[in-house]
Amino acid sequence: MSDQSGNAIFYLALLILPLSALIARRLPLGQLAKMALGWAGIFAVALLLVTLWTRNRPAIDDLLVSTGLKQHLVRGGSITLARNEDGHFYADVMLNGQPHRLMIDSGATETAISAELAKRIGVRPADRVPGGEQTMVETANGTITAEPGTIETVTLGPITARDLGVLVAPSFGDGVLGMNFLNQLKGWRVEGDRMILNAPPTAPGDSI
């Protein structure tokens, strides 16, 4: 049975229920006919709206993202992000299984997070990369001292990066997702107020 046939049967069953209730009330025939027509009209409009939504879902989703009513859109192996009011793109990611919102910064070579966030997601001294002594990092607010480390998993929609290098410092605030993440993708681009990230092809169970 096709999906359209199944949907038709489902909506027909929904229409029969209120009609059966009306018949059971034994209303005058004229009043019953008016109410039945009213219910039929309601279901016809609802069916039309559902059909239009289903057939135009990609265009509707793109419109919602473009207008900022929807923050991100996952479609197959790609995710589309809407530009925030401050002009930047933000992504709701999972860092070692913990949810967090990071700004995507194509001007940052490395992903950077605060010391507080590092502690919350479990980036411990034992997780630091070889030779992970403190390093000096140039930021918009000047030169600061940061500690290199790794995040076991960074998940964004259909994309999962493993053992991602990260810089940790108290002054990094909410943190940024840098080029060391973006460079692992199949590709990424900005189209107007949308950023589109494409996951690389992977074998089942693999990650980038």
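Visitor: Is N96 buried, partly exposed or exposed, and what is its relative accessible area?

Guide: Keep in mind that this is a predicted model. Buried means under 20% relative accessible area and exposed means over 50%, with partly exposed in between. N96 has a relative accessible area of 21%, so it counts as partly exposed. You'll find N96 in the loop between strand 3 (89-95) and strand 4 (98-104).

Visitor: What is phi of N96 near?

Guide: Phi of N96 is near 50 degrees, which is a positive value in a residue other than glycine. D163 is another case to look at: its phi is positive too, about 50 degrees, and D163 is not a glycine either. D163 sits in strand 8, residues 159-168. With a relative accessible area of 57%, D163 is exposed.

Visitor: Okay, let's go inside. How many residues does the largest nonpolar core have?

Guide: The largest nonpolar core has 29 residues, and I113, F181 and L197 have the most contacts inside it. Several elements each supply at least two residues of this core, including strand 2 (78-82), helix 4 (115-121), strand 7 (142-156) and helix 5 (179-182). The largest share, five residues, comes from strand 8.

Visitor: Which residues does F181 touch?

Guide: Leaving out residues up to four places away in sequence, F181 touches T111, V154, L156, I159, A161 and L164.

Visitor: How do I read the two sides of a strand, and which residues are on each side of strand 2?

Guide: Here's the general idea: in a regular strand the side chains alternate between the two faces of the sheet. In strand 2, S78, T80 and A82 are on one side, I79 and L81 are on the other, and all of them are buried, so both faces are covered. Five of the five residues of strand 2 are buried, so this strand is largely enclosed by the rest of the structure.

Visitor: Which strand does strand 2 pair with over five bridges?

Guide: That's strand 11, and the two pair in the antiparallel sense.

Methods. Residues numbered from 1 in each chain as written. Predicted model: local features only at pLDDT ≥ 70, side-chain atom pairs only at ≥ 80, totals over all residues. Heavy atoms only, no water. Helix = DSSP H or I, 4+ residues; strand = E, 2+ residues; numbered from the N terminus. Buried < 20%, exposed > 50% of the residue type's maximum accessible area, 1.4 Å probe, protein only. Core = buried A, V, L, I, M, F, W, Y, C linked by side-chain atoms within 4.5 Å. Contact = heavy atoms within 4.5 Å. Pairing = 2+ DSSP bridges.
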